[in-house]
Amino acid sequence: MTTIADLRCAVLPHAGRCDTALPRLRIYSSARPTELLATIYDPVVCLILQGAKRTVIGDKPLEYGAGDCLVVAAEVAAMVQISRASSDCPYLALNLSLDPEMISALLVDMAGMPESSTTPGFSVSPASPLLLDAWRRMVELLDRPDEMQVMAPRVEEEVLFRLLMGPQGSILRQIAGTDSRLWRIRRAMKWIREHYAERLSIGAMANIANMSPSVFHRRFKAVTGLSPLQYQKQVRLHEARRQILSEGATALSVGFMVGYESASQFSREYKRLFGEPPRRDASAMQFVLPVNNFPAK
């Protein structure tokens with residue numbers, strides 16, 4: 001049987017990130033390990049085909065390799081690193097953005113699956129043979145564009161169905177629920193991302209999530225691996241970096257724009273997250289940006 005990795009030459013024209021004809025599917029490749037880099041995940045499932053990766057979410061390190069699936073159910077901040085890759089055996093991974101509407105439609109036919117009360121917003125688990133086979137047929141469609149319109153939604157549904165039936169199913173079930181604990185935490189996370197420069201009130205955040213402050217704080221950290229204040233700090237720093245790199249803004253002005261009152265504190269926290277102070281990081285990233293900021297996400 002043809003493996004998914006055997007198909008890589010046909011569908012991956014270059015190293016880095018490859019957007020595919022399937023709107024939610026991306027392929028990532030690297031012939032060498034990378035530094036530990038900061039990113040913010042969108043809800044996604046990532047299947048490692050070759051090599052290995054390290055992801056740190058909050059204080060939780062996740063080490064995973066070929067045959068493992070990472071599921072992320074919310075917009076969590078993380079540090080990511082390709083830990084094993086070479087020219088002979090490059091790192092290779094598939095990323096499928098999660099579609100809540102498709103998951104909801106599947107759950108209509110899968111009634112009676114209760115939510116977990118302690119499910120975090122991310123986990124790693126080995127992919128079952130049935131799940132791997134569904135992934136393989138999804139990748140094969142990239143070489144059969146005439147079949148894609150009809151078959152792609154069905155194969156994507158099967159990938160999601162196999163995930164729902166597996167150990168990570170409780171995470172996906174929460175993504176679909178409009179009144180689930182995860183959905184309410186994500187609503188608060190969205191507010192933070194839209195108001196990252198403002199002073200954060202835990203009470204206001206708890207009201208948005210319709211939870212008591214103590215329950216909100218505990219569940220927010222369970223989902224993201226960070227406290228609400230730590231999450232806001234990472235969102236601020238990611239936005240600051242985006243403005244410095246893409247808009248050419250000065251570090252001093254950006255620090256104040258994203259909510260910092262002290263330029264020295266901004267520089268210290270920026271360096272702690274990205275490894276270099278803003279100006280030096282901007283110079284170094286000029287050589288990284290042409291390859292799609294890989295391996296973010």
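Predicted model: local features only at pLDDT ≥ 70, side-chain atom pairs only at ≥ 80, totals over all residues.

**Exercise 1.** Work out where K60 sits and what K60 touches.

Solution. Start with the secondary structure: K60 belongs to strand 6, residues 60-65. Then look for contacts, skipping residues up to four places away in sequence: K60 touches T55 and F122. Finally, take the C-alpha distance to A78, 18 residues along the chain: 9.7 Å.

**Exercise 2.** Find what the salt bridge between R186 and E75 ties together.

Solution. First the geometry: the N to O distance between the two side chains is 2.7 Å. R186 is in helix 6 (residues 181-194), while E75 is in the loop between strand 7 (68-72) and strand 8 (77-84), so the bridge links parts 111 residues apart in sequence. As for accessibility, both R186 and E75 are buried.

**Exercise 3.** Decide how exposed the partners are in the pairs R144–E147 and R280–E276.

Solution. R144 and E147 form a salt bridge at 2.9 Å, N to O. R144 has 31% relative accessibility and is partly exposed; E147, also partly exposed, has 31%. R280 and E276 meet at 3.3 Å, N to O. Here R280 is exposed at 52%, and E276 is partly exposed at 28%.

**Exercise 4.** Which residues do salt bridges with shared partners join into one network?

Solution. The network holds D133, R136, R137, E140, E158 and R162. For the whole structure, the search gives 20 salt bridges.

Notes:
Residues numbered from 1 in each chain as written. Heavy atoms only, no water. Helix = DSSP H or I, 4+ residues; strand = E, 2+ residues; numbered from the N terminus. Contact = heavy atoms within 4.5 Å. Salt bridge = Lys/Arg side-chain N within 4 Å of Asp/Glu carboxyl O. Buried < 20%, exposed > 50% of the residue type's maximum accessible area, 1.4 Å probe, protein only.
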